[in-house]
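Please look over the chain shown here with its cross-links, its charged pairs and its open spaces in mind. The report is meant to be read beside the sequence and the structure.

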Amino acid sequence: MLLTLTVIVGITAPVSAQVPRVYGQGSAASGMGNAFAAQADNPSALHYNPAGMTQLRGVQLMGGLSLVGGVTDFRSPAGVTTTGDHDGTVAWPGPGHGYLTANLQDLGVSSLGNVTVGIGITTPFGSVMRWPDNSPLRTITTFTALPLFDIKPTIAYQVTQDLSIGVGADIYTFASFFGEGHAELRSISPGGLVPAGSKLEFNGKDTAAGFNVGGLYTALRNGSGQPIANLAVVYRSQATLHLDGAFSANGVKIQDATTTLVLPQVITGGIALWPIRNPEREWKVELNVDYVGWKSVRSLDIHLANGFTIPQPQNWKSTYTILVGTEYRWLQLERFPGWEVAVRGGYTNQQTQVPDLTFNPGVPSADLHVISGGIGLICRENGSFLGLIPCGSLGVGPLKPKLVGLDLFYQAFLYEPRTISGVSGIRAPVNGRYDTTLHAGGLSVRVSF
């Protein structure tokens, strides 16, 4: 039994990404390095700052998908090398997002004209990492996945002309149509009661709830009444998933097992400034700072059905993330009436939360620099596509859009090289150097009625 438990200890690891919004949850925001909490003027406000929903008129829909790829190169102290990837050239299915918002006054409920409601669904982690079955790391990890959904019913209220607040639920869950429908970790047995070379797997799933609260305050307006200085604060609560599942070898269950995964609280502060904002052009710059309370992840102990507990200390540390973004919009194009064009850029600096002694190669974890860029196109109802199809006629029956938008983004995730040393025992294979570069790109489509 002790040898079996040793094998289990060898494969059990954190199933988490570095922060809840590594890949972004809207292509416009992603193009600005996710510095969007103090702008929050499209339906992805549901994620970035629910108070921003009060800026949205009528009924608005937004959905999108990201593709993520890249590799981590590993070199052991003995010079042995191997490469991990995202289960292929790109992770599939990729992280996605969908939002629906509605201003109640525009729906005819005049007594609730300051209220906007919405619901969103995102894949805030979407992490997949694969290492070869014959790599030096095989007894630690060969595959890690966390295909988690976040369902977000949300309501926002405009308290005054300059102040809005929003509150929403975060319902974290799994679904069988996305990935395997559970958190999953695989490795290769180093030997013991489970023969060496056996394929080991731990999986588990759960549903847990948290909440988010946001505030948006306009400190300055221009002569036309448009905001030129916004302040934002957003709080996302901690949530705890009790991942119930099984530990198996070569596809045969050995024990029912469970572990507890804590999703940390996140506090975001932001400021957005518009040095230029007039009927022809807009230029925004924004700074956000995230505090992520990873210190709540003290352990990931494994509890077996026979009552035995395998200690898995983690002792993660809380981190700060700096996000800077900019957007330049052309609102009136002489050659393309009814169209708007935006170009975007951003930079994110993110700290690692995982100490050397609890490092796991199933999740890239190092200090990170993210370079972002993107473009946005909006066609209003008086514009036309290719000069042939009026954008206001693209709806179904009497339901005609007032706005159709497309946003594209690209991000380069440049992890600083990380060298792990001093880890002993069955986890000693993690010692070595890790070099990681990831790439993400995607799109969002937005329609307003």
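## Basis of the model

This is a predicted model, in which local features need pLDDT of at least 70 and side-chain atom pairs count only at pLDDT 80 or more, while totals for chains, interfaces and linings use all residues. Residues are numbered from 1 along each chain as its sequence is written, and side-chain values use heavy atoms, with hydrogens and water left out.

Helices (H or I, at least four residues) and strands (E, at least two) are DSSP runs, numbered from the N terminus. For accessibility, buried means under 20% relative accessible area, exposed means over 50%, and partly exposed lies in between, with a 1.4 Å probe and protein chains only.

## The disulfide

With a disulfide defined as a pair of cysteine sulfur atoms within 2.5 Å, the count comes to one disulfide. C379 and C391 form this disulfide, with their sulfur atoms 1.8 Å apart. C379 lies in strand β21 (residues 368–380) and C391 in the loop between β23 (389–390) and β24 (403–415), so the pair ties together parts that are twelve residues apart in sequence.

The torsion about the S-S bond of C379 and C391 is about 95 degrees, so the disulfide is right-handed. C379 counts as buried at 3% relative accessibility, and C391 counts as buried at 3% relative accessibility.

## Salt bridges

Side chains of opposite charge can pair when their charged atoms come close. Taking a salt bridge as a side-chain nitrogen of Lys or Arg within 4 Å of a carboxyl oxygen of Asp or Glu, the count comes to 20 salt bridges. One of them joins D85 to R130, with the closest N and O atoms 2.8 Å apart. D85 lies in strand β2 (residues 81–90) and R130 in strand β5 (residues 127–130), so this pair ties together parts that are 45 residues apart in sequence. D85 is buried, at 17% relative accessibility, whereas R130 is partly exposed, with a relative accessible area of 33%.

The side chains of D162 and R221 also meet in a salt bridge, at 2.8 Å from N to O. D162 lies in the loop between β7 (149–158) and β8 (163–173) and R221 in strand β11 (residues 208–221), so the pair ties together parts that are 59 residues apart in sequence. D356 forms a salt bridge with R418, the closest N and O atoms being 2.8 Å apart; here D356 is in the loop between β20 (339–350) and β21, and R418 is in strand β25 (residues 418–420), 62 residues apart. D356 is partly exposed, with a relative accessible area of 29%, while R418 is buried, with a relative accessible area of 10%. Salt bridges that share partners also join D41, R277, E282, E327, R329, R344 and D407 into one network.

## Strand pairing

Two strands pair if DSSP finds at least two bridges between them. β7 and β8 run antiparallel and are joined by eight bridges, and they form a hairpin with four residues between them. Within this pairing, Q158 has S164 in β8 as its bridge partner. β8 and β11 also pair in the antiparallel sense, over ten bridges, and A169 stands opposite F211 in β11.

## Two asparagines with positive phi

N250 has a positive phi of about 50 degrees although it is not a glycine, and its place is in the loop between β13 (239–249) and β14 (252–263). N250 is exposed, with a relative accessible area of 51%. N315, likewise not a glycine, has a positive phi of about 55 degrees and is found in the loop between β18 (309–310) and β19 (319–330). At 46% relative accessibility, N315 counts as partly exposed.

## The largest pocket

On a 1 Å grid over the protein atoms alone, a pocket is an open set of points where a 1.4 Å probe fits, with protein on both sides within 12 Å along at least five of seven lines, and lining residues have an atom within 4 Å of a point. Grid points are joined across faces, edges and corners, and a volume is the space filled by probe spheres set on the points. About 770 Å³ of space lies in the largest pocket. Of the 34 residues that line the largest pocket, the closest to its centre are D41, T54, Q55, L56 and R57.

β11 gives the most to the lining of the largest pocket, with three residues. The lining divides into eleven nonpolar, eleven polar and twelve charged residues, where Ala, Val, Leu, Ile, Met, Phe, Trp, Tyr, Cys and Pro count as nonpolar, Asp, Glu, Lys and Arg as charged, and the others, Gly among them, as polar.
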